[in-house]
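Subject: The structure you asked for

Hello,

Here is the structure I promised to pass on. Please open it alongside this message, and my notes follow below.

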Amino acid sequence: MTSTNRNSSRTGSLKYKEFRYSLHLLFSNKLVVFGMCIVLFFSTLAIIGPLLVDPNEPMNVNFKNDLLPPSWEHPFGTDDLGRDVFKLVILGARYDLSISLLVVAIAAIVGIFVGAVSGYVGGKVDELFMRIVDILFAFPGLILAMAISMVLGRSFLNLFLSLVLVWWTSYARFMRGQVLAEREKLYVKASKSLGLSNFRTLFRHVLPNAVFPMIILATMDIGSVMLSAAGLSFIGLGPSPFEPEWGTLVNRGAPYLFMAPWLISIPGVTILLASLGFNLMGDGIRDVLDPRLRR
Amino acid sequence: MKIYEYAIRRIFLLIFVIFGVTIITFIFTRVLLNPLAAYITDKTPPDAVIAIIQAHGFDRPIYEQYFIYLKDLVTLDWGWSNVGHMALTDAIRTFFPATVELTILAIIITVLIGVPLGIISALKNNKWQDHASRIFSLVGISIPVFWLGLSLQYAFTYWTRSIGLPFLPSTGRVDPLLLIQNPVQGWTGMLMLDSFLQGNFVITLDVFKHLILPAITLAFLNVGILTRLTRSSMLEVIRQDYITMAKAYGLPRRVIIYKYALKNAMIPVITSVGLIFGGMLGGAIITESIFSYPGMGWLSYRAIVFNDSNTILAYVVVVAIIFVSVNLLVDIIYAWLDPRIKY
Amino acid sequence: MEKVLEVKDLSVQFKTYRGIVKALNGISFDVLKGEMLGLAGETGSGKSVTSQAIMRTLPENSKIAGGSVLFEGKDLLKLTEKDIEMVRGRSITAVFQDPHTYLNPVFRIGQQFKDILLNDPAISSIKDKKKREATINEKMTQSFRDVKMPSPERIIRSYPHELSGGMKQRVLIAMAFSLKPSLIIADEPTTALDVTIQAQVLRLMRELQKKYHTSVVLITHDLGVIAENCDRIAIMYAGRIVEFGDVKTVYAKPLHPYTQGLMRALPRADKDAQIESIGGTVPDLVNPPKGCTFHERCRNVMDVCKTSPPSPLFHEGRIVECHLYNEPLGGS
């Protein structure tokens, strides 16, 4: 008993060392730190944005001020409704960050659950779930999301729903694969023979092992969900113009491309920076957590 | 198992998936949305409506309606496209070849840039070439397609023109006047291919000028994806024992990399090209709307603007069927390339 | 006898996150023409690093910290990448541990073999394509006969996954001997094989080696294999060669306490003596112990062992690195 305790504490400290080393690797990569700074910056904006600028700016329509070029008063100019683009972009952080994080989080949770149940229970349940996933995979993601939000109607919530409906499948497939692989391993069989219930075995043993790769997958996805959401908004399936989501801003600015290019470039670069931040971070985390890439 | 047996089994699976696809589109078009919308226009006389309802079985139970829907799909009785001002099947025949042409050019650009860049990146691992290509591909996967398209449009059709440099056409597929002077027969509907085959190079060049910016826009994200994939695949392969062995047995580096490592590394890359193709058919909606390029994507964009869900769902069915077929083809190529594969 | 390979004072280091790993610390040995030299030691003692250093196939995070590898009068460590390519395969080649991973899975055996044979100027210089193909085919068939493969034509058309492990290892051996190199480094060539096949494969290598007067460095942790097949033995421990001499001499009376430990760990048929293992573990090569690297596990440890590292001595017909033999007989 004491010897196993000592062993486990030793592996515990080893794991801790490994973890500290991983963190060290993560923070010694300049690009990753840069990505983290971007993410931190936009997260801060998303949280305190409405305190920095007037949250009613999207409603502040003033046709006398329309399409003003950048100036001291309006650092990013004004849009066709005479609203200050700088304020709109700051307020938009809340929409774009929340949709990309929430879509990934909910899709991952749904996917993990479906995949885990499918992989563990097997049989008809597995067959049913995986055929559904197969069918959803037959549509390119953006097309399916577009069709769904078209059917549901234009709103921020429906945009979110359509993206979740598209995104959960890849997590489910991945999780199922992980569960099948882990299930084969001896220790699951061993814990079964110890009389643990199926449910507990699943959650105590399989999940922790499969969770790391899922985190990598999820971090890598945040950026592309953000781009998809903005893309759908751009083609007109996003929220109303009074919700300053960045893709919606570009959509409104597009007709004025040659007259007022700042209406497109400012929110466009903002989306680029934000998704770049998440992608840099995701890349770094993958490099660190995937030992095969560690050199 | 022989490869054709594998192919046959995969085709059965494909048929099943297509059934599933039609169930979903059926639910969208005939259950969630107004099924009549596709068969009625402003000009339909009111007394004809009942006949239409009966003809398409909109008054029957749901499960019967599904089979009627399948029959309509197979007999190409798809209804009317409001934004296309023509029957949906005609709209697809008219607009889809343009999208295919754009997508093919974009795939060619993606592969021609992405694969070599990924290989260089892997071979020069952690040198400046690698860092440059990694940053380039990271930006590639982070860039909003619509912003890239608008920026390219601004730069190469407006800005270069304003400072007196050569410029590209900002919208459309071909100069209509030029097309009247040099008519092209519609063989495949792909204007660049048709004009080229008919020796009408003036049009070929003009279509290419119209295509190049949309194709770059559509390709950019995928170049990033493919570069990253090629890089990691190649890195994985050159670390394999059989590469060490080829080295130890004195094979020249050229042969090791470009013959042995490349074939192994390309296997996952080829699989992803199928996925990229599907992604492009979706991305075409954004790209074509920016450049007013008259393909299915542009028509779908107009359908979104004018709330014509039938046109969109028709495009969805077509894309899904093409997408699963391409993926089937890719899987068969995969099995043929990798002799280890278990069918 | 003529020396084919002479390794002098070779040191190799690896850069890792834990610090610099001193994988090889000034090892010296030579390989004579037509002999089979056994290189023995535990995992992590530096056997494989030695072979990689000789072939110049060390991974990127490594550095050759000193020494030389003389082969046919040239220092291999000083050759350009192009020149070392000319040496590999033609003059020095290798047989590896796991035949399953050392053949490229997506090419037919014949294709892979052909590219190796094209290294031979005598073959690649044949202009006529038909004639060249015929020569290559003949050569492949001959090589497969050498390793006693039943139907060469079938093997040539096979993919690696269609062959068994033993077959694959024979293919690799056939490839290794096909260009008649003067040195073959066999890194644990039988570890991944079944015991019955191990003996066959080793016998095969022995035969081919005699037939073509090739020198072989056989890397293994199995002292039994060395006893049966090798002429001389070098025992490695923690990046050093601790004992180096004729197999008969060393096995009859091992001098280094580590060698003695290894011998005691061998199962023996002639005595009822118990199998003993050596206590402790291989030292950490990032922070190797001061003095002799073996002193923490040594039965005969003395005070001097803890402070100064021993230097190689010529003693009782072999080279040994141990303070035990320093005092009574004096220096080399």
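A word on terms before the findings: two residues are in contact if their C-beta atoms, placed from the backbone, lie within 7 Å. Axes are lines fitted to C-alpha atoms, for helices over the stretch in contact, and angles run from 0 to 180 degrees between N-to-C directions. Helices (H or I, at least four residues) and strands (E, at least two) are DSSP runs, numbered from the N terminus.

This is a predicted model, in which local features need pLDDT of at least 70 and side-chain atom pairs count only at pLDDT 80 or more, while totals for chains, interfaces and linings use all residues. Residues are numbered from 1 along each chain as its sequence is written, and chains are lettered from A and ligands numbered from 1 in the order in which they are written.

Two strands pair if DSSP finds at least two bridges between them. One open sheet in chain C has 8 strands with mixed pairing, in the order β6-β7-β8-β3-β9-β10-β12-β11. Its edges are β6 (92–95) and β11 (313–315) of chain C; each has a single partner strand, so one side of each is left without a neighbour in the sheet. From one strand to the next, the twist averages 20°. Within this sheet, β10 (residues 240–246) and β12 (residues 318–320) of chain C run antiparallel and are joined by 3 bridges. If you want a place to look, G245(C) stands opposite R318(C) in β12(C).

Chain C also has an open sheet of 4 strands, ordered β2-β1-β4-β5, with antiparallel pairing. Here β2 (19–32) and β5 (74–75) of chain C stand at the edges with a single partner strand each, so one side of each is left without a neighbour in the sheet. Strands β1 (residues 3–16) and β4 (residues 62–71) of chain C pair in the antiparallel sense over 8 bridges. S11(C) has G66(C) in β4(C) as its bridge partner.

**Domains in chains C and B**

Domain bounds come from an automatic or database domain assignment. Chain C is divided into domain 1 (1–91 + 181–280) and domain 2 (101–180). Taken over C-alpha atoms, the centres of these two domains of chain C are separated by 27 Å.

For residue classes, Ala, Val, Leu, Ile, Met, Phe, Trp, Tyr, Cys and Pro count as nonpolar, Asp, Glu, Lys and Arg as charged, and the others, Gly among them, as polar.

Chain B is divided into domain 1 (21–77) and domain 2 (92–337), and 36 Å separate their centres, taken over C-alpha atoms. In chain B, 7 residues of domain 1 are in contact with 6 residues of domain 2. That domain 1 side divides into 5 nonpolar, 2 polar and no charged residues.

**Helices of chains A and B**

What angle do the axes of α4 (residues 123–137) of chain A and α1 (residues 3–32) of chain B make where they cross? They cross at roughly 75° and come within 9 Å. Angles under 35 degrees count as roughly parallel, over 145 as roughly antiparallel, 65 to 115 as roughly perpendicular and the rest as oblique; α4(A) and α1(B) are therefore roughly perpendicular to each other. R131(A), D134(A) and I135(A) of α4(A) meet V17(B), G20(B), V21(B) and I24(B) of α1(B). This contact has 4 nonpolar, 1 polar and 2 charged residues.

Within chain A, helices α3 (residues 85–121) and α10 (residues 262–289) pack at about 35°, with their axes 11 Å apart.

Best wishes
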